[in-house]
Amino acid sequence: MRPLTDEETKTMFEKLSKYIGENIKLLIDRPDGTYCFRLHNDRVYYMSEKILKLATNISRDKLVSVGTCFGKVTKTQKFRLHITALDFLAPYAKFKVWVKPGSEQSFLYGNHIMKSGLGRITENTSQYQGVVVYSMSDVPLGFGVAAKTTQECRRVDPMSIVVFHQADIGEYIRSEDTLT
Amino acid sequence: MASCSIEDVLAKAERDEAEKLRSIAVNKELDLEFDPGHLLAFDKNRVDTREFKDNKGEDFLRSLARDNTQLLINEIWKLPTEKVDEVIVAKLPDSTTPLPREKPAPKPKPPTKWEQFAKLKGIQKKKKTNMVWDEVHKEWKRRWGYKRANDDTKEWLIEVPVTADPNEDQFAKRNKAKKERVARNEYNRLKNVARAQKIKVPGIGLAPTSQQSKSELAQAVNVAKISTASVGKFQEKLPKEKTSKNTGKKRKFQPLIGDFGSEKQKQLDLLKVMDSKKPRLDVTKAVNKQMREEDRESAQKSKKSFGKKGRKGNMSGKGKGKGMAGGKGKGKGKGMAGGKGPKGKGRKPNMKQGKR
(Lines give C-alpha, C1' and ligand atoms only; values in the text may rest on other atoms or scores of the structure.)
Protein backbone atom coordinates (compact mmCIF):
# COMPACT_ATOMS: atom_id res chain seq x y z
CA MET A 1 0.00 0.00 0.00
CA ARG A 2 1.37 3.41 -0.80
CA PRO A 3 0.11 6.93 -1.43
CA LEU A 4 -0.49 7.97 -5.02
CA THR A 5 2.24 9.76 -6.92
CA ASP A 6 1.54 13.17 -8.42
CA GLU A 7 0.91 11.81 -11.90
CA GLU A 8 -1.43 9.14 -10.64
CA THR A 9 -3.34 11.68 -8.54
CA LYS A 10 -3.65 13.94 -11.54
CA THR A 11 -5.05 11.25 -13.84
CA MET A 12 -7.47 10.15 -11.14
CA PHE A 13 -8.73 13.68 -10.48
CA GLU A 14 -9.15 14.28 -14.19
CA LYS A 15 -11.29 11.17 -14.45
CA LEU A 16 -13.33 12.04 -11.38
CA SER A 17 -13.88 15.62 -12.48
CA LYS A 18 -15.52 14.31 -15.64
CA TYR A 19 -18.35 13.04 -13.43
CA ILE A 20 -18.44 15.31 -10.41
CA GLY A 21 -16.65 18.41 -11.59
CA GLU A 22 -15.24 20.57 -8.85
CA ASN A 23 -17.02 18.62 -6.10
CA ILE A 24 -13.84 16.57 -5.71
CA LYS A 25 -12.93 19.13 -3.08
CA LEU A 26 -15.73 17.72 -0.96
CA LEU A 27 -14.15 14.28 -1.16
CA ILE A 28 -10.71 15.51 -0.16
CA ASP A 29 -11.74 18.01 2.47
CA ARG A 30 -14.41 16.40 4.57
CA PRO A 31 -15.82 17.87 7.77
CA ASP A 32 -16.36 14.48 9.42
CA GLY A 33 -12.79 13.16 9.29
CA THR A 34 -9.60 12.91 7.24
CA TYR A 35 -10.02 10.61 4.29
CA CYS A 36 -7.25 9.66 1.93
CA PHE A 37 -6.48 7.71 -1.24
CA ARG A 38 -4.05 4.85 -1.17
CA LEU A 39 -2.82 2.52 -3.87
CA HIS A 40 -2.63 -1.22 -3.28
CA ASN A 41 -2.04 -3.83 -5.99
CA ASP A 42 -2.74 -1.21 -8.69
CA ARG A 43 -6.12 -0.32 -7.20
CA VAL A 44 -6.98 3.01 -5.65
CA TYR A 45 -8.82 2.83 -2.33
CA TYR A 46 -10.55 5.65 -0.46
CA MET A 47 -10.54 5.28 3.30
CA SER A 48 -10.50 7.20 6.53
CA GLU A 49 -7.21 7.52 8.35
CA LYS A 50 -8.55 5.33 11.17
CA ILE A 51 -9.03 2.44 8.76
CA LEU A 52 -5.65 3.19 7.18
CA LYS A 53 -3.89 2.88 10.49
CA LEU A 54 -5.63 -0.41 11.17
CA ALA A 55 -4.76 -1.68 7.70
CA THR A 56 -1.05 -1.18 8.31
CA ASN A 57 -1.21 -4.16 10.63
CA ILE A 58 -1.98 -6.53 7.78
CA SER A 59 0.79 -7.77 5.52
CA ARG A 60 0.75 -6.77 1.88
CA ASP A 61 0.10 -10.18 0.41
CA LYS A 62 -2.74 -10.88 2.85
CA LEU A 63 -4.45 -7.51 2.38
CA VAL A 64 -7.27 -7.80 -0.15
CA SER A 65 -9.09 -4.51 0.07
CA VAL A 66 -9.30 -1.39 2.26
CA GLY A 67 -12.11 1.14 2.47
CA THR A 68 -13.84 1.61 -0.91
CA CYS A 69 -12.15 0.79 -4.17
CA PHE A 70 -12.50 3.74 -6.54
CA GLY A 71 -10.88 2.10 -9.49
CA LYS A 72 -7.61 0.78 -10.78
CA VAL A 73 -4.54 2.16 -12.45
CA THR A 74 -3.93 0.20 -15.63
CA LYS A 75 -0.58 -0.93 -16.97
CA THR A 76 -0.33 2.18 -19.13
CA GLN A 77 -0.93 4.44 -16.11
CA LYS A 78 -4.51 5.29 -17.01
CA PHE A 79 -7.18 5.40 -14.34
CA ARG A 80 -10.28 3.26 -14.75
CA LEU A 81 -13.28 4.02 -12.53
CA HIS A 82 -15.12 1.04 -11.07
CA ILE A 83 -18.77 0.69 -10.01
CA THR A 84 -17.70 0.59 -6.37
CA ALA A 85 -17.12 4.33 -6.55
CA LEU A 86 -20.78 4.98 -7.31
CA ASP A 87 -21.65 5.74 -3.70
CA PHE A 88 -19.32 8.70 -3.80
CA LEU A 89 -20.12 9.84 -7.32
CA ALA A 90 -23.90 9.78 -7.06
CA PRO A 91 -24.45 12.52 -4.48
CA TYR A 92 -22.00 14.91 -6.17
CA ALA A 93 -22.92 14.21 -9.76
CA LYS A 94 -23.29 17.24 -11.99
CA PHE A 95 -25.06 15.66 -14.96
CA LYS A 96 -27.67 12.97 -14.42
CA VAL A 97 -29.69 10.70 -16.64
CA TRP A 98 -32.92 9.01 -15.59
CA VAL A 99 -33.85 5.73 -17.19
CA LYS A 100 -37.38 4.45 -17.80
CA PRO A 101 -38.36 1.36 -15.81
CA GLY A 102 -38.64 -0.74 -18.97
CA SER A 103 -35.01 -0.36 -19.99
CA GLU A 104 -33.55 -0.35 -16.48
CA GLN A 105 -32.87 -4.05 -16.76
CA SER A 106 -31.21 -3.65 -20.13
CA PHE A 107 -28.79 -1.14 -18.64
CA LEU A 108 -28.14 -3.36 -15.64
CA TYR A 109 -27.13 -6.15 -17.98
CA GLY A 110 -24.46 -3.95 -19.49
CA ASN A 111 -26.14 -2.51 -22.58
CA HIS A 112 -26.05 1.13 -23.64
CA ILE A 113 -29.11 3.32 -23.10
CA MET A 114 -31.17 4.12 -26.16
CA LYS A 115 -33.36 7.13 -26.71
CA SER A 116 -36.44 4.97 -26.17
CA GLY A 117 -35.27 4.18 -22.64
CA LEU A 118 -34.34 7.72 -21.73
CA GLY A 119 -36.58 9.27 -19.10
CA ARG A 120 -34.93 12.56 -18.21
CA ILE A 121 -31.60 14.17 -18.75
CA THR A 122 -30.12 17.25 -17.14
CA GLU A 123 -30.19 20.33 -19.30
CA ASN A 124 -27.01 21.48 -21.04
CA THR A 125 -25.25 18.14 -21.04
CA SER A 126 -22.44 18.36 -23.57
CA GLN A 127 -21.44 15.45 -25.76
CA TYR A 128 -19.18 12.82 -24.17
CA GLN A 129 -19.87 14.25 -20.76
CA GLY A 130 -19.64 11.82 -17.84
CA VAL A 131 -23.11 11.19 -16.41
CA VAL A 132 -24.56 9.21 -13.53
CA VAL A 133 -27.52 7.00 -14.39
CA TYR A 134 -30.53 6.88 -12.08
CA SER A 135 -33.77 4.96 -12.17
CA MET A 136 -37.03 6.89 -12.18
CA SER A 137 -37.20 6.44 -8.40
CA ASP A 138 -33.84 8.19 -7.99
CA VAL A 139 -31.84 5.05 -7.24
CA PRO A 140 -28.33 5.35 -8.70
CA LEU A 141 -27.80 2.53 -11.17
CA GLY A 142 -24.37 3.27 -12.54
CA PHE A 143 -22.52 5.73 -14.69
CA GLY A 144 -21.72 6.33 -18.30
CA VAL A 145 -20.87 8.83 -20.97
CA ALA A 146 -23.42 10.91 -22.79
CA ALA A 147 -23.36 10.06 -26.48
CA LYS A 148 -25.31 13.13 -27.50
CA THR A 149 -26.00 16.57 -26.14
CA THR A 150 -29.35 17.29 -24.54
CA GLN A 151 -30.48 19.20 -27.63
CA GLU A 152 -29.57 16.37 -29.93
CA CYS A 153 -31.28 13.85 -27.67
CA ARG A 154 -34.56 15.62 -28.31
CA ARG A 155 -34.27 15.43 -32.07
CA VAL A 156 -32.74 12.03 -32.64
CA ASP A 157 -34.63 8.80 -33.48
CA PRO A 158 -35.66 6.38 -30.67
CA MET A 159 -33.28 3.59 -31.62
CA SER A 160 -30.03 5.49 -31.35
CA ILE A 161 -27.76 5.31 -28.32
CA VAL A 162 -27.82 8.31 -26.03
CA VAL A 163 -25.67 7.09 -23.12
CA PHE A 164 -22.69 4.76 -23.38
CA HIS A 165 -22.58 2.25 -20.56
CA GLN A 166 -19.46 2.35 -18.39
CA ALA A 167 -20.43 0.70 -15.11
CA ASP A 168 -23.66 -0.50 -13.52
CA ILE A 169 -24.61 -2.12 -10.24
CA GLY A 170 -25.29 -5.41 -12.05
CA GLU A 171 -21.50 -5.77 -12.14
CA TYR A 172 -21.59 -6.64 -8.48
CA ILE A 173 -22.97 -9.97 -9.60
CA ARG A 174 -21.43 -10.30 -13.04
CA SER A 175 -17.82 -9.51 -12.14
CA GLU A 176 -17.97 -10.43 -8.50
CA ASP A 177 -14.48 -11.89 -8.32
CA THR A 178 -12.66 -9.06 -10.07
CA LEU A 179 -14.13 -6.20 -8.13
CA THR A 180 -12.34 -6.65 -4.77
CA MET B 1 103.57 -46.96 25.25
CA ALA B 2 103.72 -48.23 21.73
CA SER B 3 101.45 -51.14 22.44
CA CYS B 4 98.92 -49.01 24.06
CA SER B 5 99.31 -46.51 21.27
CA ILE B 6 98.69 -49.24 18.68
CA GLU B 7 95.63 -50.39 20.61
CA ASP B 8 94.62 -46.85 20.94
CA VAL B 9 94.98 -46.30 17.25
CA LEU B 10 93.00 -49.46 16.45
CA ALA B 11 90.33 -48.51 18.92
CA LYS B 12 90.25 -45.02 17.51
CA ALA B 13 89.97 -46.40 13.98
CA GLU B 14 87.19 -48.65 15.09
CA ARG B 15 85.43 -45.78 16.78
CA ASP B 16 85.82 -43.65 13.68
CA GLU B 17 84.42 -46.47 11.59
CA ALA B 18 81.43 -46.74 13.92
CA GLU B 19 81.06 -43.01 13.83
CA LYS B 20 80.96 -43.01 10.08
CA LEU B 21 78.49 -45.81 9.97
CA ARG B 22 76.46 -44.18 12.64
CA SER B 23 76.27 -41.09 10.57
CA ILE B 24 74.44 -42.90 7.85
CA ALA B 25 73.00 -45.92 9.66
CA VAL B 26 70.01 -45.28 11.80
CA ASN B 27 68.40 -47.89 13.99
CA LYS B 28 64.68 -47.71 14.16
CA GLU B 29 62.19 -50.13 15.56
CA LEU B 30 59.77 -49.72 12.67
CA ASP B 31 60.93 -48.90 9.22
CA LEU B 32 59.82 -45.58 7.83
CA GLU B 33 57.44 -45.28 4.92
CA PHE B 34 58.79 -43.26 2.08
CA ASP B 35 57.21 -41.34 -0.76
CA PRO B 36 60.18 -40.15 -2.79
CA GLY B 37 57.87 -38.38 -5.28
CA HIS B 38 56.97 -35.84 -2.61
CA LEU B 39 60.21 -36.28 -0.64
CA LEU B 40 58.03 -37.57 2.16
CA ALA B 41 58.93 -39.88 5.04
CA PHE B 42 56.45 -41.25 7.60
CA ASP B 43 57.86 -42.18 10.98
CA LYS B 44 55.46 -44.37 12.93
CA ASN B 45 57.80 -45.12 15.83
CA ARG B 46 56.65 -44.47 19.36
CA VAL B 47 58.02 -41.37 20.95
CA ASP B 48 59.49 -41.79 24.44
CA THR B 49 57.94 -38.92 26.34
CA ARG B 50 60.52 -39.18 29.16
CA GLU B 51 63.36 -38.36 26.78
CA PHE B 52 61.26 -35.51 25.43
CA LYS B 53 60.71 -34.03 28.85
CA ASP B 54 64.30 -34.45 30.10
CA ASN B 55 66.18 -31.53 28.57
CA LYS B 56 63.10 -29.62 27.34
CA GLY B 57 63.20 -31.96 24.39
CA GLU B 58 65.40 -29.85 22.11
CA ASP B 59 68.22 -32.30 21.82
CA PHE B 60 65.80 -35.16 21.43
CA LEU B 61 63.92 -33.39 18.65
CA ARG B 62 67.12 -32.47 16.88
CA SER B 63 68.45 -36.00 16.92
CA LEU B 64 65.08 -37.37 15.81
CA ALA B 65 64.95 -34.95 12.88
CA ARG B 66 68.54 -35.75 11.92
CA ASP B 67 67.92 -39.47 11.96
CA ASN B 68 64.78 -39.30 9.87
CA THR B 69 66.34 -36.93 7.36
CA GLN B 70 69.33 -39.28 7.06
CA LEU B 71 67.02 -42.13 6.28
CA LEU B 72 65.21 -40.04 3.68
CA ILE B 73 68.46 -39.03 2.00
CA ASN B 74 69.46 -42.72 1.94
CA GLU B 75 66.23 -43.42 0.16
CA ILE B 76 66.90 -40.66 -2.35
CA TRP B 77 70.32 -42.15 -3.11
CA LYS B 78 68.59 -45.37 -4.06
CA LEU B 79 66.76 -43.60 -6.95
CA PRO B 80 68.17 -43.55 -10.48
CA THR B 81 70.48 -40.61 -10.95
CA GLU B 82 71.61 -38.60 -13.89
CA LYS B 83 74.16 -35.91 -14.36
CA VAL B 84 72.89 -32.45 -15.35
CA ASP B 85 75.54 -29.71 -15.72
CA GLU B 86 78.08 -31.57 -13.60
CA VAL B 87 75.57 -32.01 -10.84
CA ILE B 88 74.21 -35.40 -9.85
CA VAL B 89 70.45 -35.23 -9.90
CA ALA B 90 68.09 -37.95 -8.73
CA LYS B 91 65.00 -38.56 -10.79
CA LEU B 92 61.97 -38.59 -8.52
CA PRO B 93 59.27 -41.08 -9.35
CA ASP B 94 55.56 -40.21 -9.35
CA SER B 95 54.14 -39.69 -5.88
CA THR B 96 51.98 -42.31 -4.27
CA THR B 97 50.29 -40.25 -1.52
CA PRO B 98 47.09 -38.61 -2.64
CA LEU B 99 46.99 -34.97 -1.49
CA PRO B 100 43.72 -33.12 -0.82
CA ARG B 101 42.58 -30.34 -3.19
CA GLU B 102 44.48 -27.12 -3.14
CA LYS B 103 41.56 -24.99 -4.36
CA PRO B 104 37.80 -25.56 -3.82
CA ALA B 105 35.94 -27.74 -6.31
CA PRO B 106 34.53 -25.83 -9.30
CA LYS B 107 30.86 -24.94 -8.93
CA PRO B 108 28.56 -26.25 -11.64
CA LYS B 109 28.06 -23.63 -14.32
CA PRO B 110 24.59 -22.08 -14.54
CA PRO B 111 22.70 -23.38 -17.56
CA THR B 112 22.78 -21.27 -20.69
CA LYS B 113 19.62 -19.72 -22.15
CA TRP B 114 19.18 -22.64 -24.54
CA GLU B 115 19.75 -25.20 -21.83
CA GLN B 116 17.13 -23.56 -19.64
CA PHE B 117 14.66 -23.53 -22.51
CA ALA B 118 15.38 -27.12 -23.46
CA LYS B 119 14.87 -28.24 -19.87
CA LEU B 120 11.60 -26.34 -19.71
CA LYS B 121 10.30 -27.83 -22.93
CA GLY B 122 11.75 -31.28 -22.35
CA ILE B 123 13.90 -31.26 -25.48
CA GLN B 124 16.47 -34.08 -25.51
CA LYS B 125 19.82 -33.76 -27.24
CA LYS B 126 19.81 -35.84 -30.40
CA LYS B 127 23.07 -37.41 -31.52
CA LYS B 128 23.88 -36.24 -35.03
CA THR B 129 26.38 -37.69 -37.41
CA ASN B 130 29.37 -35.54 -38.28
CA MET B 131 29.29 -36.25 -42.01
CA VAL B 132 26.43 -35.45 -44.32
CA TRP B 133 26.04 -36.59 -47.90
CA ASP B 134 26.30 -33.60 -50.18
CA GLU B 135 24.24 -34.33 -53.28
CA VAL B 136 25.74 -31.52 -55.31
CA HIS B 137 29.36 -32.50 -54.83
CA LYS B 138 28.53 -36.20 -54.54
CA GLU B 139 30.69 -36.75 -51.49
CA TRP B 140 30.53 -36.85 -47.75
CA LYS B 141 31.09 -33.49 -46.14
CA ARG B 142 31.04 -32.15 -42.63
CA ARG B 143 27.74 -31.07 -41.16
CA TRP B 144 29.37 -27.81 -39.97
CA GLY B 145 32.81 -26.24 -40.14
CA TYR B 146 35.45 -26.02 -42.86
CA LYS B 147 34.19 -27.15 -46.29
CA ARG B 148 30.78 -28.07 -45.04
CA ALA B 149 27.88 -29.44 -47.00
CA ASN B 150 25.13 -27.03 -48.16
CA ASP B 151 27.15 -23.87 -47.65
CA ASP B 152 25.05 -21.18 -49.26
CA THR B 153 27.84 -18.61 -49.27
CA LYS B 154 29.89 -20.83 -51.58
CA GLU B 155 27.35 -21.09 -54.39
CA TRP B 156 28.53 -19.82 -57.72
CA LEU B 157 25.06 -19.06 -59.08
CA ILE B 158 22.21 -17.38 -57.19
CA GLU B 159 18.86 -16.68 -58.80
CA VAL B 160 17.61 -13.18 -58.06
CA PRO B 161 14.13 -13.49 -56.55
CA VAL B 162 11.31 -11.60 -58.21
CA THR B 163 10.69 -9.39 -55.20
CA ALA B 164 14.33 -8.29 -54.82
CA ASP B 165 15.96 -5.11 -56.00
CA PRO B 166 17.82 -5.92 -59.28
CA ASN B 167 20.83 -3.83 -58.27
CA GLU B 168 21.32 -5.68 -55.01
CA ASP B 169 24.36 -7.92 -54.72
CA GLN B 170 22.97 -11.31 -53.62
CA PHE B 171 26.39 -12.77 -52.84
CA ALA B 172 27.25 -9.84 -50.58
CA LYS B 173 23.83 -10.14 -48.99
CA ARG B 174 24.47 -13.77 -48.07
CA ASN B 175 27.91 -12.98 -46.74
CA LYS B 176 26.57 -10.16 -44.64
CA ALA B 177 23.80 -12.35 -43.25
CA LYS B 178 26.39 -14.95 -42.29
CA LYS B 179 28.54 -12.34 -40.56
CA GLU B 180 25.55 -11.12 -38.63
CA ARG B 181 24.69 -14.66 -37.53
CA VAL B 182 28.25 -15.23 -36.38
CA ALA B 183 28.27 -11.93 -34.49
CA ARG B 184 24.97 -12.69 -32.83
CA ASN B 185 26.16 -16.15 -31.83
CA GLU B 186 29.30 -14.69 -30.32
CA TYR B 187 27.30 -12.05 -28.47
CA ASN B 188 24.98 -14.66 -27.02
CA ARG B 189 27.90 -16.82 -25.99
CA LEU B 190 29.47 -13.88 -24.18
CA LYS B 191 26.17 -13.13 -22.50
CA ASN B 192 26.02 -16.71 -21.29
CA VAL B 193 29.55 -16.43 -19.96
CA ALA B 194 28.75 -13.15 -18.23
CA ARG B 195 25.69 -14.68 -16.64
CA ALA B 196 27.73 -17.66 -15.48
CA GLN B 197 30.38 -15.51 -13.88
CA LYS B 198 27.92 -12.88 -12.71
CA ILE B 199 29.88 -10.18 -14.47
CA LYS B 200 27.90 -7.02 -14.97
CA VAL B 201 27.23 -6.32 -18.60
CA PRO B 202 26.70 -2.66 -19.60
CA GLY B 203 23.04 -1.88 -19.94
CA ILE B 204 21.14 -1.07 -23.08
CA GLY B 205 22.54 1.86 -24.90
CA LEU B 206 25.87 1.99 -23.15
CA ALA B 207 27.72 -0.24 -25.58
CA PRO B 208 26.17 1.04 -28.79
CA THR B 209 26.26 -1.11 -31.88
CA SER B 210 23.43 0.19 -34.01
CA GLN B 211 20.93 3.03 -34.09
CA GLN B 212 19.93 4.06 -30.58
CA SER B 213 16.41 4.99 -29.63
CA LYS B 214 15.68 8.19 -27.78
CA SER B 215 15.24 6.49 -24.45
CA GLU B 216 18.48 4.50 -24.85
CA LEU B 217 20.41 7.64 -25.66
CA ALA B 218 18.87 9.44 -22.71
CA GLN B 219 19.87 6.60 -20.43
CA ALA B 220 23.40 6.59 -21.81
CA VAL B 221 23.64 10.35 -21.26
CA ASN B 222 22.42 10.04 -17.68
CA VAL B 223 24.84 7.26 -16.88
CA ALA B 224 27.74 9.16 -18.44
CA LYS B 225 26.80 12.23 -16.44
CA ILE B 226 27.05 10.53 -13.07
CA SER B 227 30.20 8.60 -14.00
CA THR B 228 32.54 11.22 -12.58
CA ALA B 229 34.42 11.27 -9.30
CA SER B 230 31.81 13.57 -7.75
CA VAL B 231 28.93 11.49 -9.15
CA GLY B 232 27.92 14.20 -11.59
CA LYS B 233 27.48 17.00 -9.05
CA PHE B 234 29.53 19.56 -10.96
CA GLN B 235 28.54 18.65 -14.49
CA GLU B 236 27.10 21.51 -16.48
CA LYS B 237 23.68 21.23 -18.01
CA LEU B 238 22.48 22.39 -21.39
CA PRO B 239 20.12 25.39 -21.19
CA LYS B 240 16.90 23.41 -21.53
CA GLU B 241 18.04 20.07 -20.20
CA LYS B 242 15.97 18.48 -17.46
CA THR B 243 17.65 16.37 -14.79
CA SER B 244 16.00 12.99 -14.57
CA LYS B 245 14.70 12.74 -11.05
CA ASN B 246 14.56 8.96 -10.79
CA THR B 247 18.21 8.03 -10.48
CA GLY B 248 18.51 4.29 -10.89
CA LYS B 249 15.76 1.74 -10.53
CA LYS B 250 14.45 2.36 -7.02
CA ARG B 251 11.37 4.59 -6.94
CA LYS B 252 10.78 6.68 -3.85
CA PHE B 253 7.22 7.12 -2.62
CA GLN B 254 5.76 9.26 0.10
CA PRO B 255 5.44 7.50 3.45
CA LEU B 256 2.21 5.60 3.93
CA ILE B 257 0.98 7.56 6.95
CA GLY B 258 2.53 10.93 6.25
CA ASP B 259 1.26 14.32 7.24
CA PHE B 260 -2.42 14.21 6.28
CA GLY B 261 -2.75 17.95 6.35
CA SER B 262 0.01 18.53 3.86
CA GLU B 263 -1.27 15.72 1.67
CA LYS B 264 -4.72 17.35 1.62
CA GLN B 265 -3.17 20.70 0.82
CA LYS B 266 -1.17 19.26 -2.06
CA GLN B 267 -4.26 17.68 -3.54
CA LEU B 268 -6.26 20.89 -3.24
CA ASP B 269 -3.45 22.79 -4.91
CA LEU B 270 -3.38 20.24 -7.69
CA LEU B 271 -7.11 20.73 -8.17
CA LYS B 272 -6.65 24.48 -8.30
CA VAL B 273 -3.97 24.14 -10.95
CA MET B 274 -6.19 21.80 -12.97
CA ASP B 275 -9.07 24.26 -12.75
CA SER B 276 -6.89 27.13 -13.89
CA LYS B 277 -5.67 25.10 -16.84
CA LYS B 278 -9.22 24.38 -17.99
CA PRO B 279 -10.27 27.07 -20.47
CA ARG B 280 -12.66 29.61 -19.00
CA LEU B 281 -14.46 29.89 -22.27
CA ASP B 282 -15.96 26.61 -23.39
CA VAL B 283 -15.68 27.03 -27.12
CA THR B 284 -18.54 24.78 -28.19
CA LYS B 285 -20.86 26.31 -25.63
CA ALA B 286 -19.99 29.79 -26.78
CA VAL B 287 -20.48 28.84 -30.43
CA ASN B 288 -23.82 27.22 -29.66
CA LYS B 289 -24.92 30.25 -27.71
CA GLN B 290 -23.93 32.53 -30.57
CA MET B 291 -25.80 30.36 -33.04
CA ARG B 292 -28.89 30.40 -30.83
CA GLU B 293 -28.73 34.16 -30.63
CA GLU B 294 -28.46 34.49 -34.39
CA ASP B 295 -31.36 32.10 -34.88
CA ARG B 296 -33.46 34.11 -32.47
CA GLU B 297 -32.68 37.32 -34.27
CA SER B 298 -33.53 35.85 -37.64
CA ALA B 299 -36.69 34.40 -36.10
CA GLN B 300 -37.66 37.79 -34.81
CA LYS B 301 -37.05 39.37 -38.19
CA SER B 302 -39.06 36.75 -39.98
CA LYS B 303 -41.76 37.06 -37.32
CA LYS B 304 -41.96 40.77 -37.96
CA SER B 305 -42.23 40.29 -41.70
CA PHE B 306 -44.50 37.23 -41.75
CA GLY B 307 -46.39 37.74 -38.52
CA LYS B 308 -48.16 34.61 -37.27
CA LYS B 309 -46.80 32.33 -39.99
CA GLY B 310 -43.25 33.31 -39.19
CA ARG B 311 -43.70 32.56 -35.52
CA LYS B 312 -45.21 29.16 -36.18
CA GLY B 313 -42.50 28.38 -38.71
CA ASN B 314 -39.84 29.25 -36.19
CA MET B 315 -41.18 26.99 -33.47
CA SER B 316 -41.43 23.93 -35.69
CA GLY B 317 -38.05 24.48 -37.31
CA LYS B 318 -35.87 24.60 -34.22
CA GLY B 319 -37.68 22.07 -32.06
CA LYS B 320 -38.51 22.31 -28.40
CA GLY B 321 -35.20 23.54 -27.05
CA LYS B 322 -34.69 26.40 -29.37
CA GLY B 323 -38.38 27.00 -29.38
CA MET B 324 -38.33 27.51 -25.63
CA ALA B 325 -35.46 29.89 -25.90
CA GLY B 326 -37.09 31.50 -28.83
CA GLY B 327 -40.32 31.75 -26.91
CA LYS B 328 -38.63 33.41 -23.97
CA GLY B 329 -36.65 35.69 -26.19
CA LYS B 330 -39.64 36.35 -28.35
CA GLY B 331 -41.77 37.40 -25.42
CA LYS B 332 -39.13 39.83 -24.24
CA GLY B 333 -38.29 40.76 -27.76
CA LYS B 334 -41.85 41.73 -28.42
CA GLY B 335 -41.80 43.97 -25.42
CA MET B 336 -38.46 45.44 -26.42
CA ALA B 337 -39.43 45.78 -30.01
CA GLY B 338 -42.44 47.65 -28.83
CA GLY B 339 -40.24 49.81 -26.69
CA LYS B 340 -37.37 50.39 -29.07
CA GLY B 341 -39.28 50.45 -32.31
CA PRO B 342 -37.32 50.27 -35.56
CA LYS B 343 -33.99 49.61 -33.85
CA GLY B 344 -34.78 45.85 -33.67
CA LYS B 345 -31.23 44.79 -32.97
CA GLY B 346 -31.11 46.82 -29.83
CA ARG B 347 -31.61 43.77 -27.62
CA LYS B 348 -28.93 43.65 -25.01
CA PRO B 349 -27.07 40.35 -24.55
CA ASN B 350 -27.47 40.37 -20.75
CA MET B 351 -31.10 39.47 -21.20
CA LYS B 352 -30.19 36.00 -22.39
CA GLN B 353 -28.92 34.35 -19.27
CA GLY B 354 -29.58 30.90 -20.72
CA LYS B 355 -30.41 27.86 -18.68
CA ARG B 356 -27.42 27.10 -16.54
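Predicted model: local features only at pLDDT ≥ 70, side-chain atom pairs only at ≥ 80, totals over all residues.

Residues are numbered from 1 along each chain as its sequence is written, chains are lettered from A and ligands numbered from 1 in the order in which they are written, and side-chain values use heavy atoms, with hydrogens and water left out.

**Strand 3 of chain A and its partners**

Helices (H or I, at least four residues) and strands (E, at least two) are DSSP runs numbered from the N terminus, and two strands pair if DSSP finds at least two bridges between them. Strand 3 of chain A pairs with strand 2 and with strand 4 of chain A, as tabulated here.

| Partner of strand 3, chain A | Bridges | Direction |
|---|---|---|
| Strand 2 (residues 35–40), chain A | Six bridges | antiparallel |
| Strand 4 (residues 68–73), chain A | Four bridges | antiparallel |

Strands 2 and 3 of chain A form a hairpin with two residues between them, and A:Asn41 in the turn has a positive phi of about 55°.

Buried here means under 20% relative accessible area, exposed over 50%, and partly exposed in between (1.4 Å probe, protein chains only). Six of the six residues of strand 3 (residues 43–48) of chain A are buried, so this strand is largely enclosed by the rest of the structure. A:Arg43, A:Tyr45 and A:Met47 point one way from the strand, and A:Val44, A:Tyr46 and A:Ser48 the other way.

**The six-stranded sheet of chain A**

Six strands of chain A form an open sheet with mixed pairing, in the order 7-11-10-9-6-8. Strand 7 (113–114) and strand 8 (118–121) stand at its edges with a single partner strand each, so one side of each lacks a neighbour in the sheet. Strand 7 runs antiparallel to strand 11 (residues 161–168) and is joined to that strand by two bridges; A:Met114 has A:Ile161 as its bridge partner.

**Cysteines**

A:Cys36 is buried at 2% relative accessible area, and A:Cys69 is buried at 3%. With a disulfide defined as a pair of cysteine sulfur atoms within 2.5 Å, the count over all chains is zero.

**Surface of chain B**

B:Ile123 lies in the loop between helix 4 (113–121) and strand 5 (131–134) of chain B and is partly exposed, with a relative accessible area of 40%.
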